[in-house]
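I opened this model to record its fold, its ligand site and a few backbone details. The entries below follow the order in which I looked things up.

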Amino acid sequence: MKGTLLTALASVILAFSLVFCWGECWAAGSAEEPKKILVVYFSHSGNTREVAERIHEKVGGDIFALTVKNPYPADYKKCTEVAKAEQQSNARPQLAEDVPNMASYDVVFVGYPNWWGTLPMALFTFFEKYDFSGKTIIPFCTHGGSRFGRSVQDIAKLSPKATILDGFETSGSRVKNSQNDILAWLGKIGIP
Ligand SMILES: Cc1cc2nc3c(=O)[nH]c(=O)nc-3n(C[C@H](O)[C@H](O)[C@H](O)COP(=O)(O)O)c2cc1C
């Protein structure tokens, strides 16, 4: 009787261990680690910030606003002049703050206004500062009519070892009505 009970108990323990171990091994072997997402953006007059916040609402993860040590003039014309001079001198404006734990992100949405046909020079600083090898970059851009300009080609040159997905662009004047366009774009690039 005692022997039978012991055998039954041992069988139960063995079966339980097998099931538990199989479950663990399966989880470790095939379950994908969730991707860590960052929405990072630079915005001078607020359009790109608005798009960034909408994307962040949909995709979650963290959001970070890039700012520069020497802020650009609030006046539009003066800002265009400073930005033009920076582009002509291939400047690298200093960023005011580091992105916390940049290395930990897998997918980085990067937003910016089109400035003189491409990225503001502060974005060149940003792309050169961090290693994007193996990461997925998803650009988004607001503009006054020139769409991405040559910014996506510039991102590809700055981050040759990253995967760059199709980005989102909208003119500054359409930002307020961009909700559905953003949703459609996220669906198209396969972001839940
Ligand atoms: C310095 C500067 C340069 C700009 N250059 C361009 C340009 O080359 N092409 C364009 O379509 N819009 C240009 N714009 C317009 C901005 O891209 C547009 O207003 C954008 O939505 C501003 O985004 P923000 O509000 O996030 O700063 C420029 C604006 C500034 C301030």
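**Entry 1: Thr142**

I began with a side-chain pair: Thr142 and Thr48 are joined by a polar contact of 2.9 Å between their side chains. By polar contact I mean a pair of N or O atoms within 3.5 Å; within protein, one must be able to donate a hydrogen and the other to accept it, and residues adjacent in sequence count only if both atoms are side-chain atoms. I note that the model is predicted, that local features need pLDDT of at least 70 and side-chain atom pairs pLDDT 80 or more, and that totals for chains, interfaces and linings use all residues. Residues are numbered from 1 along each chain as its sequence is written, and side-chain values use heavy atoms, with hydrogens and water left out.

I then placed Thr142 in strand 4. Helices (H or I, at least four residues) and strands (E, at least two) are DSSP runs, numbered from the N terminus. Is Thr142 buried or exposed? Thr142 is buried, at a relative accessible area of 4%. The classes are buried under 20%, exposed over 50% and partly exposed in between, with a 1.4 Å probe and protein chains only. Not counting residues up to four places away in sequence, Thr142 touches Asn47, Thr48, Val51, Tyr112, Pro113, Asn114, Thr170 and Val175. A contact here means heavy atoms within 4.5 Å.

Accessible areas come from the Shrake-Rupley method with a 1.4 Å probe; for residues, only the protein chains shown count as cover. A polar backbone atom of Gly46 lies 3.0 Å from an oxygen atom of the ligand, and for a backbone N or O atom of Asn47 the distance to a ligand oxygen is 2.8 Å.

Which residues come nearest to the ligand? Of the 21 residues around the ligand, they are Ser43, Ser45, Thr48, Thr142 and Ser146; a residue counts if one of its heavy atoms lies within 4 Å. Helix 2 (47–59), helix 3 (76–88) and strand 4 (136–143) each give two or more residues to this shell. Helix 3 gives the most, with four residues.

**Entry 2: backbone and loops**

I checked phi next. Most residues other than glycine have a negative phi. Trp116 has a positive phi, near 50°, and sits in the loop between strand 3 (107–113) and helix 4 (121–129). Trp116 is partly exposed, with a relative accessible area of 41%. Arg147, also not a glycine, has a positive phi of about 50°; its place is the loop between strand 4 and helix 5 (151–158).

I also looked up Ser173, in the loop between strand 6 (168–171) and helix 6 (179–188). Ser173 is exposed, at 68% relative accessible area. Its C-alpha atom is 8.7 Å from that of His143, 30 residues apart along the chain.

**Entry 3: the whole chain**

The chain has six helices and six strands, in the order α-β-α-β-α-β-α-β-α-β-β-α. Of its 192 residues, 40% count as buried. Among contacts with a separation of 6 or more, 79% join residues 24 or more positions apart. The accessible surface is about 11,300 Å², with 57% belonging to carbon and sulfur atoms.
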